[in-house]
Amino acid sequence: MAKVTIATDWLEVCSGCHMSFLDIDERLIELLKSVEITSSPITDLKHPPEEGVDVGILSGAVGNADQEETAKEMRARCKILVALGDCAVFGGICAMRNFFPAEEVLKRGYVETESTVEGQVPSEEVPPLLERVKAVNEVVKVDVFIPGCPPPADAIYHALTELVKGRIPILTGELLRYD
Ligand code: SF4
């Protein structure tokens with residue numbers, strides 16, 4: 001039987017969701033018998049293959065133009081798109097900047113922090129910030145939501161095993177968390 005192909009990527013993140021993915025631990029070895037991970041931030045290949053994958057997984061919110069493109073590329077190249085973690089599902093901690101205009105956030109981060117001396121807001125080779133941080137489904141259609149900060153490894157494992165069986169996973173009880 002052909003393996004289910006999975007590509008993962010991250011947007012505006014702390015990388016905790018991908019660490020939780022790795023916390024599947026030894027079950028990952030069993031999973032890899034039926035799954036091929038084609039690309040991921042934790043492998044050499046970063047972009048989903050042009051020919052597409054069965055499942056795309058995005059962690060992180062969409063905070064700049066580059067991340068918007070990454071989300072669109074993943075959507076275009078996968079059959080089922082999974083939003084992994086609170087940042088991807090509803091903006092999470094990244095969306096705290098939405099209380100302020102983007103210019104104010106940049107000024108605070110690059111110029112006004114207590115440890116900064118003669119700081120400057122970078123203007124070259126830096127993707128422009130969006131006016132506000134968005135959840136992934138505000139940019140592209142999402143098929144599966146796995147909330148949590150990060151989601152428990154058990155929830156990720158459950159979702160992946162269901163997807164491998166061709167089912168859309170349903171998270172309940174301890175697997176459905178928002179913290
Ligand atoms: S949901 Fe939490 S763990 Fe995942 S990227 Fe966001 S802040 Fe990090």
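Tyr178 is found in the segment after helix H6 (153–164), where helices (H or I, at least four residues) and strands (E, at least two) are DSSP runs numbered from the N terminus. The model is predicted: local features need pLDDT of at least 70, side-chain atom pairs count only at pLDDT 80 or more, and totals for chains, interfaces and linings use all residues. Residues are numbered from 1 along each chain as its sequence is written, and side-chain values use heavy atoms, with hydrogens and water left out.

Tyr178 is exposed, with a relative accessible area of 53%. Exposed means over 50%, buried under 20%, and partly exposed in between (1.4 Å probe, protein chains only). Beyond its neighbours within four places in sequence, Tyr178 is in contact (heavy atoms within 4.5 Å) with Asp86, Phe90, Pro147 and Gly148. Its C-alpha atom is separated by 19 Å from that of Arg97, 81 residues away along the chain.

Pro150 lies in the loop between S7 and H6. The peptide bond from Cys149 to Pro150 is cis, with omega near -10°.

The chain comprises six helices and seven strands. Along the sequence the pattern is β-α-α-β-β-β-α-β-α-α-β-β-α. The radius of gyration, taken over C-alpha atoms, is 17 Å, close to the 16 Å that the globule rule gives for 179 residues, so the chain is as compact as a globular protein of that length. The rule is 2.2 Å times the number of residues to the power 0.38. Of the 179 residues, 45% count as buried. Among contacts between residues at least 6 apart in sequence, 79% join residues at least 24 apart.

Strand S1 (residues 4–10) is largely enclosed by the rest of the structure, because six of its seven residues are buried. S1 pairs with S2 (residues 35–39) in the parallel sense over four bridges; pairing requires at least two DSSP bridges. Ala7 stands opposite Ser39 in S2. Five bridges join S1 to S3 (residues 53–59), also parallel. Here Thr8 has Ile57 as its bridge partner.

Nonpolar cores are sets of buried Ala, Val, Leu, Ile, Met, Phe, Trp, Tyr and Cys residues joined through side-chain atoms within 4.5 Å. The largest has 21 residues, and Ile6, Val55, Ile57, Val82, Ile146 and Leu160 have the most contacts inside it. H6 gives the most to this core, with six residues. Leu160 touches Ile6, Phe21, Ile24, Leu31 and Ile57, not counting residues up to four places away in sequence. Another core, of 17 residues, lies apart from it and includes Leu11, Met74, Val89 and Val142.

Most residues other than glycine have a negative phi. Asp25, in the loop between H1 and H2, has phi near 55° and is partly exposed, at 45% relative accessible area. Glu125 has a positive phi of about 55°. Glu125 lies in the loop between H5 (102–112) and S6 (129–134) and is exposed, with a relative accessible area of 85%.
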